Amino acid sequence: MDALPDEEGKEFVFGESESKWPFRMFVVRRGSEVRGFVNSCPHLHLTLNYFTDRFVTHDKAYILCANH
C-alpha cells in the first residue's frame, strides 16, 4: 500500500512482453480501499492512460480516459 499514493493509480501488465495484446489492468487507491479496473476504453478499445500510471482526473474525482 505504501508504494501506491492515495488517490493515484498504478498499471500492471500480464502476458508476454512481445504480445500485441497483453492483459492490462490498473488499481486506484482511496484511503485503505484499492479497486482494480481493466485498462481499456469501452468505446475505442485503447488504453485509458497516455502517461505512465496517470488514471485519474486532476481533481482525483474520476477515472480519466486520455482518448476522450
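Trainee: Which residue in β3 is the bridge partner of Arg 30?

Mentor: The partner of Arg 30 is Glu 33 in β3. This is a predicted model, where local features need pLDDT of at least 70 and side-chain atom pairs count only at pLDDT 80 or more, while totals for chains, interfaces and linings use all residues. Residues are numbered from 1 along each chain as its sequence is written, and side-chain values use heavy atoms, with hydrogens and water left out.

Trainee: What makes β2 and β3 a pair?

Mentor: Strands are DSSP runs of E with at least two residues, numbered from the N terminus, and two of them pair if DSSP finds at least two bridges between them. β2 (residues 23-30) and β3 (residues 33-38) are joined by six bridges in the antiparallel sense, so they meet that definition. In their hairpin, with two residues between the strands, Gly 31 takes a positive phi near 70°.

Trainee: How do you know that β1 pairs as well?

Mentor: β1 (residues 9-14) also has six antiparallel bridges to β2, and Val 27 in β2 is the bridge partner of Lys 10.

Trainee: Why is the protein called as compact as a globular protein of that length?

Mentor: Its elements run β-β-β from the N terminus. The radius of gyration is 12 Å, close to the 11 Å that the globule rule gives for 68 residues, so the protein is as compact as a globular protein of that length. The radius is taken over C-alpha atoms, and the rule is 2.2 Å times the number of residues to the power 0.38.

How values were computed
Helices (H or I, at least four residues) and strands (E, at least two) are DSSP runs, numbered from the N terminus.
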